[in-house]
Amino acid sequence: MARQPQFILRSQLNNLIRLIPTYCDISMHAFRLEPEPVTTNFQVELPVRLVCEGTTFFFELRSDRDCRHFPGSGGRVNDWHFVSWSQIVTQFKTWLEVIRSEFLEPEPWTLLNEAKILGAEVSSAQDSETFEEQELATMREHLNVIRDFLIAQVEPTTEQLRLINEKMSYLESAATRQTKMDWANTAVGVMFTIATGLALAPDQANRLFRLTSQLVKTVFMRLITE
């Protein structure tokens, strides 16, 4: 027996679309509907798919209880069957937030290139010297500047703030037991971890690496200039 057509109200689809600027922070012009919606008596025939231009991201409505979308958990296509339209709306909001997060992710090669440039600041120096007390104090001041920058840029969640504090504390502790050269390499790796862990935008990641470069140049000025 042929499957009966499924419909939702035109207002239901419009209300989903109106959520895009709020939850995704991306222009509604970046999305399109596939196929062109067929409306009858203020109803839209399903299925209909909302596609994000230039990507493989989509949210498909199959009925007022069923949907599928990508990306989903684990980077896969997720299929959902709900008991109410309100659950569809909630899932759509979650999908938009995932898309927003993906758009904010820096390009991996950008981060790698920035990390290589930062590492080059000290790669040519050969020294087994450890930190003096004054140098440790200077390093801590610069780490506090970096911490304040990250907090201001990210407005971190509790988990993200814990990541920032743990990494900064780790670098402070490592400086008391590592040589300057070893610590510099450690700092490069830690900043890379922070940038990816906080999903920094490319410009934010660049500024983080520039701040770290300033720290390296300040603490290792003698090594770099000799």
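Predicted model: local features only at pLDDT ≥ 70, side-chain atom pairs only at ≥ 80, totals over all residues.
Residues are numbered from 1 along each chain as its sequence is written, and side-chain values use heavy atoms, with hydrogens and water left out.

The protein has nine helices and eight strands, where helices (H or I, at least four residues) and strands (E, at least two) are DSSP runs numbered from the N terminus. Of its 226 residues, 39% count as buried; buried means under 20% relative accessible area, exposed means over 50%, and partly exposed lies in between, with a 1.4 Å probe and protein chains only. The accessible surface comes to about 12,600 Å², and 51% of this surface belongs to carbon and sulfur atoms, with areas taken from the Shrake-Rupley method with a 1.4 Å probe, and with only the protein chains shown counting as cover for residues. If we take the contacts (heavy atoms within 4.5 Å) with a separation of 6 or more, residues 24 or more positions apart account for 58% of them.

We can now turn to the aromatic rings. A pair of aromatic rings is described by the distance of the centres and the angle of the planes. Rings of Phe, Tyr and Trp (its six-membered ring) pair if their centres lie within 6.5 Å, and planes under 30 degrees apart count as stacked, over 60 as edge-to-face and the rest as tilted. The structure holds seven aromatic pairs. In one of them, Phe-31 and Trp-95 have ring centres 6.3 Å apart and planes at 65°, so this pair is edge-to-face. It links distant parts of the chain, since Phe-31 belongs to strand S2 (residues 31–34) and Trp-95 to helix H3, 64 residues apart. Trp-95 also forms a pair with Phe-59, and this one is tilted, with 5.5 Å from centre to centre and 55° between the planes. Here too distant parts of the chain are linked, with Phe-59 in strand S6 and Trp-95 in helix H3, 36 residues apart. Phe-31 is buried, Phe-59 is buried with a relative accessible area of 2%, and Trp-95 is buried with a value of 0%. Phe-31, Phe-59, Phe-92 and Trp-95 form one aromatic cluster.

Rolling a probe the size of a water molecule over the atoms shows where empty space is left. On a 1 Å grid over the protein atoms alone, a cavity is a set of points where a 1.4 Å probe fits but cannot get out, and a pocket is an open set with protein on both sides within 12 Å along at least five of seven lines, while lining residues have an atom within 4 Å of a point. Grid points are joined across faces, edges and corners, and a volume is the space filled by probe spheres set on the points. By this rule there is one cavity of 30 Å³ or more, and the largest cavity has a volume of about 50 Å³. Phe-59 and Phe-92 are among the residues that line the largest cavity, which also include Leu-13, Leu-16, Ile-17 and Arg-49. This lining divides into nine nonpolar residues, no polar ones and one charged, and helix H1 (10–18), strand S5 (48–52) and strand S6 (58–61) each supply at least two of its residues.

The largest pocket holds about 360 Å³ of space, and of the 17 residues that line it, the closest to its centre are Arg-100, Leu-104, Leu-198, Ala-199 and Gln-204. Helix H3 (85–104) and helix H5 (133–154) each supply at least two residues of this lining, and H3 gives the most, with four. Ala-199 lies in the loop between helix H7 (180–197) and helix H8 (202–219), and its phi is near 55°, a positive value in a residue other than glycine.

Other loops have backbone features to look for as well. The peptide bond from Leu-46 to Pro-47 is cis, with omega near 5°, and Pro-47 lies in the loop between strand S4 (43–46) and S5.

Key
Nonpolar A, V, L, I, M, F, W, Y, C, P; charged D, E, K, R; others polar.
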